[in-house]
Amino acid sequence: MSNEREQNAALLKAYAQIKNNPAEIVKQAARKRLLNFARYMQPDMVVEPFHAVYYTVLDMFAHGKIRKLIVQQPPQHGKSEGSSRKLPAFMLGLNPDLKICIGSYAATIARDFNRDVQRIIDTPYYRQLFPET
């Protein structure tokens with residue numbers, strides 16, 4: 001009986017926190033899943049069926065459920081945005097000590113991706129999600 005009361009009290013406390021600050025739910029979701037993170041960082045992002053699947057697979061990679069991944073898709077589908085910009089920023093939020101290498105056929109492209117990731121990390125929105133990064 002005591003355990004049930006404690007659970008109910010914890011649920012009521014959680015409900016009160018959500019009621020008083022609904023934006024925190026969105027932030028918590030963005031800290032957990034890559035697609036939520038991407039949409040939080042880019043609210044105007046249009047999510048096509050490809051993106052839903054792609055970001056789910058990238059999320060599995062970010063959480064260690066997939067160790068190796070090759071993506072083959074025609075140009076201009078958002079592969080680089082997901083895997084070379086959003087994914088590294090998300091993974092660094094999950095683990096600020098992580099070492100990430102971004103490679104490309106041209107050094108300038110890899111350097112540009114690095115700058116883009118840094119720009120994401122430097123935003124106030126990112127700091128709200130991952131202040132330790």
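**Buried helix faces and the nonpolar core**

Ser-84 counts as buried because its relative accessibility is 12%; buried here means under 20% relative accessible area, exposed over 50% and partly exposed in between, with a 1.4 Å probe and protein chains only. The model is predicted, so to speak of local features we require pLDDT of at least 70, and side-chain atom pairs count only at pLDDT 80 or more, while totals for chains, interfaces and linings use all residues. Residues are numbered from 1 along each chain as its sequence is written, and side-chain values use heavy atoms, with hydrogens and water left out.

Ser-84 belongs to helix α5; helices are DSSP runs of H or I with at least four residues, strands are E runs of at least two, and both are numbered from the N terminus. Leaving out residues up to four places away in sequence, Ser-84 touches Lys-79, Ile-102, Phe-113 and Val-117, where contact means heavy atoms within 4.5 Å.

I turn now to the core. The largest nonpolar core has 23 residues, and among those with the most contacts inside it are Leu-34, Phe-37, Met-41 and Leu-129. Such a core is a set of buried Ala, Val, Leu, Ile, Met, Phe, Trp, Tyr and Cys residues joined through side-chain atoms within 4.5 Å. Two or more residues come from each of α3, α4, α5, α6 and α7, and α3 gives the most, with six.

Finally, helix α2, residues 23–32, has Lys-27, Ala-30 and Arg-31 buried. These residues lie on the same side of α2 because they cover an arc of only 100° around the axis, taken from the directions from the helix axis to the C-beta atoms. The buried residues of α2 pack against α3, α5 and α7. Beyond its neighbours within four places in sequence, Leu-129 is in contact with residues including Lys-27, Ala-30 and Arg-31.
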